[in-house]
Amino acid sequence: MDYKEYFKEIVKQIIHREGIGQLIERLEKSDFFTAPASTSHHEAYEGGLVEHSIKVWRKLCEIVPAGKFDPETLTIVGLFHDVCKVGFYTTEMRNKKVDGKWVQVPFYTVDDKFPYGHGEKSVYLLNQVIKLTEEEAVAIRFHMGAYEGQNIWNTLGNAYKKYPLAFYLHMADMKATYEIE
């Protein structure tokens with residue numbers, strides 16, 4: 001499957017928000033469509049980020065009760081929750097033993113040029129181009145759930161109570177990562 005073209009088709013069909021064309025142009029000029037989703041956990045390969053984003057969107061659409069949120073909102077938070085990973089990874093070489101011989105193999109490492117957090121960085125980058133609703137911003141900000149660390153647990157609980165989309169997005173991200181991948 002050509003995930004890049006599929007991603008762009010989903011956006012074209014569902015998202016009509018002002019600035020969406022500019023956002024897609026920015027993503028096409030970046031490594032969004034070729035970057036991995038992680039260094040070693042899930043979709044740690046070329047194109048993994050766009051593939052993961054589509055899987056999260058699909059899971060989100062599956063688990064959210066019909067009619068609870070606008071399809072445009074579900075698509076925005078599902079597809080763009082990890083834009084913070086644009087320009088985030090680099091490739092280095094390391095030694096690995098293959099068939100009894102040491103060979104150089106590529107591997108991904110993090111090169112965070114804009115250390116602004118994870119979800120909050122995605123919100124910041126998206127809000128430069130499209131206007132997120134309050135609930136979309138909170139959902140993207142807290143999509144990592146308790147993986148962000150104990151210091152946010154009280155805030156996280158309050159966010160999930162006030163903005164159920166945040167909880168749904170976190171669950172979709174976890175399901176896409178652990179059920180599918």
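Q: Which helix gives the largest share of the lining of the largest pocket?
A: Helix α8, residues 164-180, gives the largest share, with four residues. Keep in mind that this is a predicted model.

Q: What volume does the largest pocket have?
A: Its volume is about 450 Å³.

Q: And which residues are closest to its centre?
A: Ser38, His41, His42, Lys85 and Met144 are the closest, out of 22 residues that line the largest pocket.

Q: How does that lining split by class?
A: The lining of the largest pocket has nine polar, eight nonpolar and five charged residues.

Q: Next one down. How much space lies in the second largest pocket?
A: The second largest pocket holds about 260 Å³.

Q: Which residues are closest to the centre there?
A: Of the 17 residues lining the second largest pocket, Val83, Val86, Gly87, Lys121 and Leu125 are the closest to its centre.

Q: Which elements give two or more residues to that lining?
A: Those are α2 (20-29) and α5 (119-127).

Q: Switching to helices. At what angle do α1 and α2 pack?
A: The angle is about 170°, and the axes of α1 and α2 are 11 Å apart. An angle over 145 degrees counts as roughly antiparallel, so α1 is roughly antiparallel to α2.

Q: Which residues make the contact?
A: On the α1 side, Lys4, Phe7, Lys8 and Val11; on the α2 side, Ile20, Ile24, Leu27 and Glu28. By class, the contact of α1 with α2 has five nonpolar and three charged residues, and no polar ones.

Q: What about α1 and α3, how do their axes cross?
A: The axes of α1 (residues 3-14) and α3 (residues 48-63) cross at roughly 45° and come within 9 Å. That angle makes α1 oblique to α3.

Q: Left-handed or right-handed crossing?
A: Left-handed, as α1 passes α3.

Q: Which residues meet there?
A: From α1, Tyr3, Tyr6, Phe7, Ile10 and Ile14. They meet Val50, Glu51, Ser53, Ile54, Trp57 and Arg58 of α3.

Q: How many nonpolar, polar and charged residues does that contact have?
A: The contact of α1 with α3 has eight nonpolar residues, two charged and one polar.

Note on methods:
Residues are numbered from 1 along each chain as its sequence is written. This is a predicted model: local features need pLDDT of at least 70, side-chain atom pairs count only at pLDDT 80 or more; totals for chains, interfaces and linings use all residues. Side-chain values use heavy atoms; hydrogens and water are left out. Axes are lines fitted to C-alpha atoms, for helices over the stretch in contact, and angles run from 0 to 180 degrees between N-to-C directions. Angles under 35 degrees count as roughly parallel, over 145 as roughly antiparallel, 65 to 115 as roughly perpendicular and the rest as oblique. A crossing is left-handed if the near helix is turned anticlockwise from the far one by less than a right angle, and right-handed if clockwise. Contact means heavy atoms within 4.5 Å. Ala, Val, Leu, Ile, Met, Phe, Trp, Tyr, Cys and Pro count as nonpolar, Asp, Glu, Lys and Arg as charged, and the others, Gly among them, as polar. On a 1 Å grid over the protein atoms alone, a cavity is a set of points where a 1.4 Å probe fits but cannot get out, and a pocket is an open set with protein on both sides within 12 Å along at least five of seven lines; lining residues have an atom within 4 Å of a point. Grid points are joined across faces, edges and corners, and a volume is the space filled by probe spheres set on the points.
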